[in-house]
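My notes follow, in the order I looked things up.

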Amino acid sequence: MNYQFTQNKNACNIVGSRIVNIRHSDSHSVPVGGGNAPISCLPTASKPENCLLCGNSLRPVHTSICVSSQQKAGFKPEKVAVVTKTTRYEFELQRYRYAGLSEEDFKQLLAMKGSSYSGLLERHNIHTNNVEHIVKSLRGEGIEVQVVKRGEYDEEVVRWADAIISAGGDGTMLLVASKVLSKDKPVVGVNTDPERSEGHLCLPVRYTHVFPEALEKLCRGEFRWLWRQRIRLHLEGTGINPTPVDLHEQQLSLEQHSQAHRTLHDSVSKPRLLPIRSLNEIFIGESLSSRMKLNSFKPHVNLLLHRASYYEISVDDGPWEKQKSSGLSICTGTGSKAWSYNINKLVEQSVEEVLKIGKSQTGLDIPLNRDFIEKVTDEYNESLVFSPDERRLFYSIREPIVNRVFSSSRQRGFASKVSVRSRCWDACMVVDGGTSFEFNDGAIATLSMSEEDELRTVDLEN
């Protein structure tokens, strides 16, 4: 359905899931979603007849083009959920209170670990003050706000909100995004401790302290929608346990991790779509950094030995290939700057050594000066990064074992779909470093992308 102002002659047209033509005042014009159409008035989630940006009444405009009545985007939203991170101070305090320790014991134990009680409290207060600043700014605009801790964040909160603000760092943003399954629900990240957190997925850090400016730009439409592609997961086979484990909240030991992952085992004949989406990457491998705990001959001594991950992989419906490695990473364009980049990047020392070998083997006059080596290194590393809105996966095999039984025809590459059959003993499939699913012998995971899984985020210039 198209929408038009009844209050004045300015109009905005919405077609399908993209804004194709909007006519409004000059102060509301901005390119949207990589296109040339400006953005202004959009229907709210709770009252589709009102504009999200300014609250004016909208009425349908009949056209011959097939349009969607489900379009919900932009600001100004009526209801916003602010999801806050758990600070290190809160985490440590909760641990020691659970152990029944006094505050003095708490301070002494932190000092023994090389942590400062006053330093943790200071960072906690900075985060808390910035959250209060965000909430006060939203309520000052007449927006209903619900503040929830990350441990309380669930599907009910997502359904309630017109938009969600992640108040923390990139980890909090990844958690928030994982539960938002609708492409029509905007998610905005605000870095609440810019001095200690990078916040690649958040608004520019200056808006942390002047959040009303960010709200003003959002309300005027002075921003771009950035549609970040995400990975969807289908599980099938035997030994399936679809119950996730929150690794951030539980900070599980190996024993706790194993117990949490052995409460339910189903056999699934048809692929089951998991209710989670990955914004950064999915890692598949043996649990807890590919380690296995064994009892030694001495009862009080435990040994931690490396255990390779054993699985079969198929890329874009190609043939299955048996592999052993220290794990498999599949990332999005958003995640291509994160762990995947560090798995695959080259350092100048390695490039220099390869160029020296190439020069000696070919007799070619390959320059070995610092500028050339730096240029080659940078060009290769830049090729590992791709745009967040590109609908393709990038897979990386970590430290593959190659012999007459196991092969690795390609250690990395782009794909539209990756399927993995587990032959592991105690493996996990970890989504964005925070949510873990059991992935043992007989389980099959299929990773792909779909337009309906795009995450609607804001690109706001500094």
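I started with E352, which I found in helix α12 (residues 348–362). Helices here are DSSP runs of H or I with at least four residues, strands are runs of E with at least two, and both are numbered from the N terminus. E352 is buried, with a relative accessible area of 18%. My cut-offs are under 20% for buried, over 50% for exposed and partly exposed in between, with a 1.4 Å probe and protein chains only. Leaving out residues up to four places away in sequence, E352 touches R370 and I373. A contact means heavy atoms within 4.5 Å.

A note on the source: this is a predicted model, where local features need pLDDT of at least 70 and side-chain atom pairs count only at pLDDT 80 or more, while totals for chains, interfaces and linings use all residues. Residues are numbered from 1 along each chain as its sequence is written, and side-chain values use heavy atoms, with hydrogens and water left out.

Next I looked at the whole protein. I got 13 helices and 25 strands. Of the 462 residues, 48% count as buried. Among contacts between residues at least 6 apart in sequence, 68% join residues at least 24 apart. The accessible surface comes to about 22,600 Å², and 49% of that belongs to carbon and sulfur atoms. These areas come from the Shrake-Rupley method with a 1.4 Å probe, and for residues only the protein chains shown count as cover.

Then I checked helix α5 (residues 170–178), which is mostly covered, with eight of its nine residues buried. Among the buried ones are D170, M173 and L175.

On to salt bridges, meaning a side-chain nitrogen of Lys or Arg within 4 Å of a carboxyl oxygen of Asp or Glu. The search of the whole structure gave 25. I looked at three pairs.

The side chains of R232 and E452 meet at 3.3 Å, N to O, in a salt bridge. R232 is in strand β10 (residues 231–240) and E452 in the loop between β24 and β25, so the pair ties together parts that are 220 residues apart in sequence. R232 counts as buried at 11% relative accessibility.

R421 and E312 form a salt bridge through their side chains, at 2.9 Å, N to O. R421 lies in strand β21 (residues 417–422) and E312 in strand β16 (residues 309–315), so this one ties together parts 109 residues apart in sequence. Buried or exposed, R421? R421 counts as buried at 19%, and E312 counts as buried at 10%.

The side chains of K417 and D317 also meet in a salt bridge, at 2.7 Å, N to O. K417 is in strand β21 and D317 in the loop between β16 and β17 (321–325), 100 residues apart. K417 counts as partly exposed at 25%, whereas D317 counts as exposed at 60%.

S450 is buried, with a relative accessible area of 17%. Not counting residues up to four places away in sequence, S450 touches Q229, R232 and R391.

Last, I looked up D371, which is in helix α13 (residues 370–382). D371 is exposed, at 61% relative accessible area.
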